[in-house]
Amino acid sequence: MASASVSSLIIFIASLVVAASVAGTLVTQVGDITHSVTDSGEDVEENINTDIAIISDAGRPDSIYDGNAPITVLVKNTGSGTLATDPGQLDVLVNGSYVGESDLTVTKAGGGGGSWGPGEVVKVAIDYGGLATGDHRVTVIVNGNEEVLRFRH
């Protein structure tokens with residue numbers, strides 16, 4: 001009779017150890033998932049708050065590129081979030097070729113610097129070298145939001 005109680009006690013203790021191990025693992029996994037969902041939510045919020053529009057006039061291509069100066073594009077923050085004027089925050093493509101941040105100058109239209117609030121415009125000067133005569137495309141990407149300007153030079 002005593003042997004039955006001892007073996008039941010051993011099985012009971014083993015069951016508790018297994019249950020505690022499983023519970024610990026589940027708590028850790030739930031914590032990791034919670035952090036992942038929070039990070040994803042913050043990224044989605046940033047993308048939702050970001051919206052841009054290229055407001056350069058493609059009908060006046062000389063205002064964009066006159067053959068000598070850098071390509072100049074005016075970009076308006078039409079979202080609800082504030083963006084940085086740091087060239088590293090923008091991805092720019094000219095005719096499908098990536099332009100590095102060392103070849104970009106971003107300045108607020110009307111002066112000032114630091115941040116680019118809702119409704120404000122920045123001038124993006126792109127040091128790209130010479131453009132051949134014909135159709136061209138400039139793509140500006142900020143926080144996953146992409147705008148394209150097509151113009152003829």
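# A walk through the chain

Start by selecting Ile126: leaving out residues up to four places away in sequence, Ile126 touches Pro70, Ile71, Val73, Val92, Val94, Val99, Asp103, Leu104 and Val138. Touching here is contact, defined as heavy atoms within 4.5 Å.

Before you move on, two notes on what you're looking at. This is a predicted model, where local features need pLDDT of at least 70 and side-chain atom pairs count only at pLDDT 80 or more, while totals for chains, interfaces and linings use all residues. Residues are numbered from 1 along each chain as its sequence is written, and side-chain values use heavy atoms, with hydrogens and water left out.

**Stop 1**

Buried means under 20% relative accessible area, exposed means over 50%, and partly exposed lies in between (1.4 Å probe, protein chains only).

**Stop 2: the whole chain**

Now zoom out and switch to cartoon. Along its principal axes, the C-alpha trace spans about 100 × 30 × 25 Å. Of the 153 residues, 27% count as buried. Helices (H or I, at least four residues) and strands (E, at least two) are DSSP runs, numbered from the N terminus.

**Stop 3: a patch on the helix side of the sequence**

Select Leu9, Phe12, Ile13, Leu16 and Val17. Together they make a nonpolar surface patch with about 490 Å² of accessible area, and Val17 sits in helix 1 (residues 2–49). To join such a patch, residues need over 30% relative accessible area and no salt bridge; nonpolar side chains (Val, Leu, Ile, Met, Phe, Trp, Tyr) are joined within 5 Å, like charges within 9 Å. The areas come from the Shrake-Rupley method with a 1.4 Å probe, and for residues only the protein chains shown count as cover.

**Stop 4: salt bridges**

How many salt bridges does a search of the whole structure find? There are 2. The term means a side-chain nitrogen of Lys or Arg within 4 Å of a carboxyl oxygen of Asp or Glu.

Pick Glu120 and Lys108, whose closest N and O atoms are 3.3 Å apart. Glu120 lies in the loop between strand 7 (115–116) and strand 8, with Lys108 in strand 6, 12 residues apart. Glu120 is partly exposed at 29% relative accessibility, but Lys108 is buried at 16%.

Then pick Arg152 and Asp135, which pair at 2.5 Å, N to O. Arg152 is in strand 10 and Asp135 in strand 9, 17 residues apart. Arg152 is exposed at 53%, and so is Asp135 at 60%.

**Last stop: two asparagines**

Most residues other than glycine have a negative phi. Asn95 has a positive phi of about 50°, in the loop between strand 4 (90–94) and strand 5 (97–99). Asn143 also has a positive phi of about 50°, in the loop between strand 9 (135–142) and strand 10 (145–152).
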